[in-house]
Amino acid sequence: IATKSRPEMVDPSEDVLQIGGHPLDSLFTPTSVAVIGATDRVGSVGRTLLKNLISNPFGGAVFPVNPKRDQVLGITTFASLAMCPKRVDVAVIITPASTVPKLVQECVDNKVKHAIIISAGFREVGPEGAKLEEEVQAIAAKGHLRIVGPNCLGIICPTSGLNASFANLMPAKGSVAFISQSGAMITSVLDWSISQKVGFSAVISIGAMMDMDFSDMINYLSNDESTKSIVLYMETIGDARKFLSAAREASLTKPIIVIKGGQTEAAAKAAASHTGSLTGSDAVLDAAFKRAGVLRVQRMADLFEMADVLSKQPLPLGNRLAILTNAGGPGVLACDALAQSGGALAELLPGTIEKLSGVLPPAWSHSNPIDVLGDATASHYAKSLEIIADDTNCDGFLVILTPQAMTAPSECAEALKKYKSIPDKPVLASWMGGPDVAEGARVLREGGIPCYSYPDMACRTFNYMHEYKANLQSNYERINLQVNMGELSTGRAEVAAMIARIRGSGRSLLTEAESKQLLRAYGIPVTACEVAATPEEAGSAAEKMGFPVVVKLNSTTITHKFDVGGVKLNLHSRAEVEKAFVEMKESVSRLASPDGFEGATVQPMIDVKGFEIILGSSIDPQLGPVVLFGMGGSLVEVFKDSALGLPPLNTNLAKKMLQQTKIFTALQGVRGMKGVDIQALIDVMVRFSVLVVDHPQIAECDINPLIASSEGILSLDSRVLLHDASVKELPRPAIRPYPHEYVFKHDLKAGGCVEMRPILPEDEEMMKGFYSQAAWPTGCDPTSPLHEVPENACRWPPVTSETDDATGRSHLIMTCFADYDRSIVLVAEMVDNGEKIIAAAGRCTKGHMSEDLTFALQVLPSYRKLGLGRFLLEDLVVCARKEGGRCIKANVHTTNEGALTFLRKIGFSVQDTADEGLALAAFAL
């Protein structure tokens with residue numbers, strides 16, 4: 001059983017809390033640090049950094065490296081790393097950029113684990129600096145040296161005492177980890193933290209992120225016991241897939257809060273010159289943060305405020321706030337601030353109003369905001385809060401106090417302290433004023449109730465909390481509506497062949513007929529479409545199809561058909577069709593070119609009363625493919641009512657996109673119009689998102705209009721643009737899509753077959769059944785029979801705390817909502833008595849900064865001796881090899897002789913370990 005007291009028993013593949021060691025431990029708690037470029041020149045970075053290291057004991061040795069000096073600050077210097085008396089864990093490089101490649105090579109030669117490059121002068125200064133950076137990267141990668149920086153302040157770890165930075169102070173210990181691309185931002189925050197009494201578990205300046213980036217640090221900090229929340233100052237996201245992967249996992253255990261610089265065009269340009277990196281669309285990045293469970297704030301003041309609030313108060317279940325105040329004006333302003341940023345005023349239950357009338361003066365407001373009047377006592381405040389705490393219509397509470405002659409701010413604060421921990425309902429306060437309320441505000445803050453100078457600040461905080469909880473909740477909601485993806489395999493191959501043919505011919509723009517063929521292959525409803533090369537062919541096609549019809553331009557070069565007279569509507573006879581064909585040819589030749597006319601398509605004239613929708617995709621420079629849904633038609637760019645999402649979507653995520661638009665209200669039925677088939681619309685959105693990620697050759701794809709009505713969903717027009725054939729490195733999705741390549745089918749010994757496939761979120765119900773039949777102690781992971789997941793493995797509450805059978809929902813989330821970029825969970829799906837079940841499950845997981853993968857598996861007792869275990873392990877080995885692993889391994893109890901014999905039989909080497917009772921089974925890939 002994995003416990004804190006016995007970390008040696010933890011299988012790395014299921015080391016949920018990373019109880020085992022992490023490769024970055026030696027960066028934050030090193031045994032030795034070398035300062036290359038240390039000097040005693042007053043005011044220099046080399047002197048400041050060395051002084052910080054020796055002034056703050058971290059339990060390790062410090063070696064100044066400078067061939068031009070015998071001593072620095074009274075400490076013996078060394079001419080090179082090779083001359084240092086012991087192996088160096090961390091080398092801090094402060095010399096000019098031109099000298100860095102040689103010094104990094106020296107680090108590699110002396111087996112240094114980490115380098116912090118303080119020096120600037122790399123890609124942010126232009127091509128020469130970029131070339132220098134590439135040289136450093138190549139040397140470091142070959143020697144497995146990990147780099148922080150360049151152009152950074154350094155790192156500080158107050159919990160270990162390490163200060164490997166040139167900041168002018170050592171911050172206090174705390175529970176907030178701060179990661180910033182800007183060193184100046186860090187120095188400002190550290191100075192601010194002294195007066196605000198804010199402490200840190202780590203302060204990390206990652207600079208230009210040549211090697212290690214936000215994701216590497218989040219991976220480490222998410223498993224650091226001293227860190228309760230992670231805050232980021234970001235200018236560019238870096239490797240988007242790595243960041244989202246790390247953030248999605250970390251947000252299950254602790255909050256991540258980010259402020260992103262570069263939202264405006266001018267700021268983005270400044271950020272690019274600062275970091276040397278491009279920034280993408282801010283709206284797309286916002287969608288990415290929500291998908292990853294990251295809370296984004298807009299003001300620097302909110303960054304650490306939210307970290308503090310989330311460490312003290314629970315997240316609300318909804319957006320309904322009850323306001324308790326002793327003055328009407330502040331209550332009104334609070335209502336405005338609440339509504340303007342997505343909150344709602346709670347409607348008090350009749351029973352609550354009745355109870356409040358029993359403890360408050362007759363003249364109280366009898367509604368929310370609850371005005372307890374200017375002469376309110378501490379008892380009035382406390383009793384009122386106690387009553388509304390039980391109101392199921394209230395998701396959170398804001399208590400406002402203004403200094404009045406009859407009200408005692410400190411006494412009221414003392415009376416409210418005991419309500420700091422109302423389950424699932426945060427309590428915030430606003431003690432308005434100056435010296436008269438200062439003591440009461442201090443009492444509240446120290447008592448665990450966040451207190452603000454003004455109520456609008458408190459309302460903004462509450463709305464941030466609700467938004468954060470809603471995003472986390474929706475990301476991991478149970479998926480009840482499913483889309484049958486199995487039927488797409490034929491369409492996937494058809495579209496791949498079509499795209500290869502078109503790109504091979506040198507084209508990038510699909511004709512409308514080809515676009516509809518592409519959509520039809522993925523089960524997206526489209527109108528019938530016949531291509532005609534002559535007026536006579538068009539007339540015959542129209543007669544066969546039935547009138548009225550539409551004739552549209554067929555062209556491989558012209559995108560906007562309306563602009564060149566390429567659309568003729570509502571044609572009722574063969575003669576009209578043939579005439580329209582001739583007129584269209586003349587118009588296109590005149591307004592564009594004769595070569596632009598390549599015939600026409602004939603389609604039925606659809607007369608369906610419905611809503612015009614746009615469903616499209618494009619490429620973001622940082623985050624790859626992005627899906628857009630919104631109000632469509634010819635005025636799409638005028639109304640700009642749309643929502644963005646990262647593909648692939650599931651049905652819940654698609655519904656969430658729908659709900660973000662104004663047109664969603666109309667889609668449910670408005671002014672006598674029937675509501676549209678929402679489930680059918682969601683199905684189309686999911687299929688469209690899968691199409692986009694299945695075929696990265698697609699640069700742009702728009703369905704506009706997509707007609708949505710009560711009768712169904714139908715694509716009337718579409719446009720697909722491919723990347724040019726010369727583009728070799730195609731954009732990849734920021735979130736790794738379902739790995740279809742890891743679907744395996746096997747015939748069983750006893751007859752029948754089994755499908756081994758990667759797990760899906762939709763498998764949650766079947767996994768509950770799997771848990772209920774498995775032979776392990778309560779709380780164990782399905783893919784590892786050896787180890788119990790600690791009770792606090794998911795202590796941050798992104799989802800409900802409900803428990804199904806013996807299995808907590810949080811653990812089902814960690815299993816079913818797998819991140820395919822981190823681990824591949826295979827399930828063995830079979831049909832038993834006409835019902836689909838999961839009979840076995842296994843996982844192979846990538847190690848931290850390692851080419852080794854670990855595995856674990858379990859077969860249900862009633863399905864053993866069918867060969868499932870062997871099939872599952874062999875398939876996991878295939879997955880591990882394709883993932884680029886060097887070795888796949890697992891710890892096995894030495895008492896499990898059957899498993900050890902089985903592993904040896906199929907080619908695993910088995911060796912004893914230093915941990916008593918465990919053997920290491922490994923297979924070289």
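**Notebook: strands, rings and cysteines**

I started with strand S25 (residues 611-620), which is joined to S26 by eight bridges, the two running antiparallel. My rule for pairing was at least two DSSP bridges between two strands. Helices (H or I, at least four residues) and strands (E, at least two) are DSSP runs, numbered from the N terminus. This is a predicted model, so I kept to its limits: pLDDT of at least 70 for local features, pLDDT 80 or more for side-chain atom pairs, and all residues for totals over chains, interfaces and linings. Residues are numbered from 1 along each chain as its sequence is written, and side-chain values use heavy atoms, with hydrogens and water left out.

I looked up who faces Val627 in S26 and found Ser617. On to strand S27 (residues 642-645): it pairs with S26 in the antiparallel sense, over four bridges, and Ala643 in S27 sits opposite Phe629. I then checked burial, where buried is under 20% relative accessible area, exposed is over 50% and partly exposed is in between (1.4 Å probe, protein chains only). Six of the eight residues of S26 (624-631) are buried, so the rest of the structure largely encloses this strand.

**The four-stranded sheet**

Next I traced an open sheet with the order S21-S24-S22-S23 and antiparallel pairing. Its edge strands are S21 (530-532) and S23 (567-571), each pairing on one side only. Ignoring direction, neighbouring strands here are turned by 25 degrees against each other on average. Strand S22 (residues 549-553) and strand S24 (residues 600-604) run antiparallel with five bridges between them, and Leu553 has Ala600 in S24 as its bridge partner.

Which strands does helix H18 (residues 512-521) touch? I get S21, S22 and S24, with the helix direction at about 50 degrees to that of S24. Contact here means heavy atoms within 4.5 Å; axes are lines fitted to C-alpha atoms, for helices over the stretch in contact, with angles from 0 to 180 degrees between N-to-C directions. Helix H20 (residues 574-591) lies across S21, S22, S23 and S24 and runs at about 165 degrees to S23.

**Helix H13**

Eight of the 11 residues of H13 (residues 378-388) are buried, so this helix is largely enclosed too. Among the buried ones are His380, Tyr381 and Leu385. The buried residues pack against several elements, including strand S15 (320-325), helix H12 (350-357) and helix H14 (409-416).

**Rings**

I counted 13 aromatic pairs, taking rings of Phe, Tyr and Trp (its six-membered ring) with centres within 6.5 Å; planes under 30 degrees apart are stacked, over 60 edge-to-face, the rest tilted. Phe63 and Phe78 are edge-to-face, at 5.7 Å centre to centre and 90 degrees between the planes. Phe63 is buried at 6% relative accessible area. Trp192 and Phe304 have ring centres 5.4 Å apart and planes at 40 degrees, so I logged them as tilted. Trp192 is in helix H5 (residues 183-196) and Phe304 in helix H10 (residues 300-312), so the pair ties together parts 112 residues apart in sequence. Trp192 is partly exposed at 33%, while Phe304 is buried at 6%.

**Cysteines**

Searching the whole structure for cysteine sulfur pairs within 2.5 Å, I found zero disulfides. For Cys152 the nearest cysteine sulfur is that of Cys107, 14 Å away. Cys152 is buried, at 4%. For Cys394 it is the sulfur of Cys335, 13 Å away, and Cys394 is buried at 0%.
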